[in-house]
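Subject: Structure handover

Hello,

Please find the structure below. My notes on it follow.

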Amino acid sequence: MAQKRIWMFVMFCLLGLSLVGLTTELYLGDEIIHFRFAKDIVRAEKRVTVDSLYGKDFSRQIHYMFSPLWHLLLAYLWKITGGISFAVAQIYHLFYYALLLVSTYLLGKELYGKEEGWYSMVLVASLPMVVSFGILFYVDVPLAALTTLTFLLLLKKRVILAGFGFGLMYFIKMNGLIFGIPFFLTILFKNARDRWWARLLGFSLAALIVILPDIYWREKNVLEEAWLGSNQKIVNVFVTEVSKNLKGWTDPSVWEKTLALKAPKFGHDSTFLRPKDHIKYFGLPLLLLLILYLIKRPFSKNDLLLWMPILFYLLFFLSFFNMDGDIRYLLPISPFLSILASRAISSWDKKGVKGFIVFICLVQLVSVLVFVYIHRRIPPGVREAFHYIKEKTPDDAIIIYVDYNLSEYTDRRIYWHWDLKTLFWEEEETVKAFLSKRNLRYLLVKKERIYDDQNVRHLKGYPLSFIRRSSTFDFSELLLNNDSVSLWKFRIE
């Protein structure tokens, strides 16, 4: 009966995510990049480095130098099923969500028992960021699924399979490498009296079989403009970011310069520093249960096994992304946190309390599904602008626009880069020269992304001061205006 309940719950969750995923559209954030990467692999019949619409000359804007496992597998699946398909991609992506649920249950069961396995699965299945990114084509949920499965294999002493799993973690998202140290420590902990060196060697060799080909590929296909192009650049970026953040912790004046109006940043959808963002991404049930766990439950040996990857990953997050990092990047440790929180649930004797917690988790799950259903749809005003751009602008037009989705629906390139600070905050003549030099003739303003830049400046949206000024430029012309967007043309010789 217990096994039947597990599978019924997994199927219920998959049904909910499938209904939302298949009845909405590609629209939000970076999911467009991942989808287009897989499309370009199919068309080129090989792993590629840049979006075919942009080319290498535009690689500073869009490049494909990140880990490609999700995309390669989807491209292969498309070839089997007869061609590029959004529906196939959506169902394929849900596989990772299902894998995460099952792996979390099995890991919780392995560490504590069936009851903890069940509650940990319910918790992780209903976390807002897991539900939303289980639908959206981001690779955070796939990484979490592979991380949980790999850790489970380590605990079962299947070190060769775990090594391959660790290699796949890197191959699906590079920050999976951060789990290397806690995984090594887990091998030592679980095999202290059983040829630990041989198991460690087997794990490492299996992982390298997957990782080394990608390192070799990067050396042969270096894209210098890419943020994470060559292997040397990956290391340099990591060392630079960590050293800068550590210096900022010891010398607060560093952050004063970084946050100054003259040094705008891209910004984040969420930040580790805002408590409400923790609730928004992790959900209130998990956070409250973790507090209860810390208060009520004595630490055990198995708890330590879970805390190792959690603390090592948190250290990486805070040293690389800093305290204002996007909470989304903490998703890979959410299964481990859910398992720890499940111990707080199992400590109650009353079934009514446990049932109520499961009910709250289900309410949270459905609420997030509704939220994604509402927001993962192209608003009529945006659709109107996409149609206008596709029909009435030159094929080589470059549109200043905050979201990459425009390229998918118009076959036009977007421009959104660090040097937009020149466009947004310099004088009119400098702006005109900036537009002319880069052949930028169109600006599409997404009105919900306009923000007041009087006290803070970032490149996550359109500064209100620029929007007000741009309408007064003698070389700007309003082509389209509705509730969602406004489209401008810059007439520059």
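Helix α14 gives the most to the lining of the second largest pocket, with 6 residues. Before the rest, the basis: this is a predicted model, in which local features need pLDDT of at least 70 and side-chain atom pairs count only at pLDDT 80 or more, while totals for chains, interfaces and linings use all residues. Residues are numbered from 1 along each chain as its sequence is written, and side-chain values use heavy atoms, with hydrogens and water left out.

Helices (H or I, at least four residues) and strands (E, at least two) are DSSP runs, numbered from the N terminus.

The pocket

The pocket search used a 1 Å grid over the protein atoms alone: a pocket is an open set of points where a 1.4 Å probe fits, with protein on both sides within 12 Å along at least five of seven lines, and lining residues have an atom within 4 Å of a point. The second largest pocket holds about 270 Å³ of space; grid points are joined across faces, edges and corners, and the volume is the space filled by probe spheres set on the points. Its lining has 15 residues, and Leu287, Leu290, Trp307, Leu314 and Leu337 lie nearest the centre. At least two lining residues come from each of α13 (275-282), α14 (284-296) and α15 (301-321). By class the lining of this pocket has 14 nonpolar residues, 1 polar residue and no charged ones. Here Ala, Val, Leu, Ile, Met, Phe, Trp, Tyr, Cys and Pro count as nonpolar, Asp, Glu, Lys and Arg as charged, and the others, Gly among them, as polar.

Salt bridges

There are 19 salt bridges in the structure, each being a side-chain nitrogen of Lys or Arg within 4 Å of a carboxyl oxygen of Asp or Glu. For accessibility, buried means under 20% relative accessible area, exposed over 50%, and partly exposed in between (1.4 Å probe, protein chains only).

Aspartate 411 lies in the loop between α19 (405-410) and β2 (413-415) and lysine 390 in helix α18, so the pair ties together parts 21 residues apart in sequence. Aspartate 411 is partly exposed at 40%, and lysine 390 is partly exposed at 36%.

A further salt bridge joins aspartate 419 to arginine 438 (3.4 Å, N to O). This pair links distant parts of the chain, 19 residues apart: aspartate 419 is in the loop between β2 and α20 (420-425), and arginine 438 is in the loop between α21 (428-437) and β3 (442-446). Aspartate 419 counts as buried at 14% relative accessibility, whereas arginine 438 is partly exposed at 26%. Elsewhere, salt bridges that share partners join Arg36, Lys39, Asp51 and Glu408 into one network.

Helix α6 (residues 128-135) is mostly covered, with 8 of its 8 residues buried. Among them are Met129, Val131, Phe133 and Ile135.

Leucine 362 is in helix α17 and counts as partly exposed, at 28% relative accessibility. Leaving aside neighbours within four places in sequence, leucine 362 is in contact with Phe9 and Phe12, where contact means heavy atoms within 4.5 Å. Leucine 362 and leucine 127 are 235 residues apart in sequence, and their C-alpha atoms are 9.9 Å apart in space.

Strand β7

Strand β7 (residues 485-490) is largely enclosed by the rest of the structure, because 5 of its 6 residues are buried. Two strands pair if DSSP finds at least two bridges between them. Strands β3 and β7 run antiparallel and are joined by 5 bridges, with tyrosine 442 partnered by lysine 489 in β7. Strand β6 (residues 476-481) is also antiparallel to β7 and joined to it by 5 bridges. Serine 476 has phenylalanine 490 of β7 as its bridge partner, and asparagine 481 has serine 486. A hairpin through 3 residues joins β6 to β7.

Regards
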